[in-house]
Amino acid sequence: MADEPTNGELGRLIEALRSEMREDLGALNTRLDRVVPLDVYTIEKTQMSKRIDALEAARTADAERLTATRRWMVGTVITVVVALLPYLGALVGGAGS
């Protein structure tokens, strides 16, 4: 019977165990406060995917618009040059006479 703990020792051991459990649960709660719930994560990921898709679509539209603008500008320059060729030909031909 000499090696069995006394009631006082058992009480101190139980209190130490409770204290450790409180600390461990407090640490666990601290970590859980930083965890994002799965439904919130899923919603945020879905929204981010939609924004990325919209940005890609806008980039594609901008590239197409830029290509169309360049074609329009080249066409305009060619049209002006072709329209001015007879006039320039007449000026050069008239100056040579």
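## Salt bridges

A search of the whole structure, which is a predicted model, finds two salt bridges. Side chains of opposite charge can pair when their charged atoms come close.

One of these pairs joins E15 and R22, whose closest N and O atoms lie 3.9 Å apart, a separation that still counts because the limit for a salt bridge is within 4 Å.

## A pair within helix α2

The side chains of R65 and D62 also meet in a salt bridge, with a distance of 3.0 Å from N to O. Both residues belong to helix α2, which covers residues 38-96, and because R65 and D62 are three residues apart in that helix, about one helical turn separates them. D62 has a relative accessibility of 42% and is therefore counted as partly exposed.

## A nonpolar surface patch

Which residues form a nonpolar patch on the surface? The patch is made up of V74, V77, I78, V80, V81, V82, L84, L85, Y87, L88, L91 and V92, and together these residues have about 1,100 Å² of accessible area.

V92, one of the residues in this patch, is found in helix α2, the helix that also holds R65 and D62. The relative accessible area of V92 is 62%, so this residue is classed as exposed, given that exposed means over 50%.

Technical notes. Residues are numbered from 1 along each chain as its sequence is written. This is a predicted model: local features need pLDDT of at least 70, side-chain atom pairs count only at pLDDT 80 or more; totals for chains, interfaces and linings use all residues. Side-chain values use heavy atoms; hydrogens and water are left out. Helices (H or I, at least four residues) and strands (E, at least two) are DSSP runs, numbered from the N terminus. Buried means under 20% relative accessible area, exposed over 50%, partly exposed in between (1.4 Å probe, protein chains only). Patches are made of residues with over 30% relative accessible area and no salt bridge: like charges are joined within 9 Å, nonpolar side chains (Val, Leu, Ile, Met, Phe, Trp, Tyr) within 5 Å. Accessible areas come from the Shrake-Rupley method with a 1.4 Å probe; for residues, only the protein chains shown count as cover.
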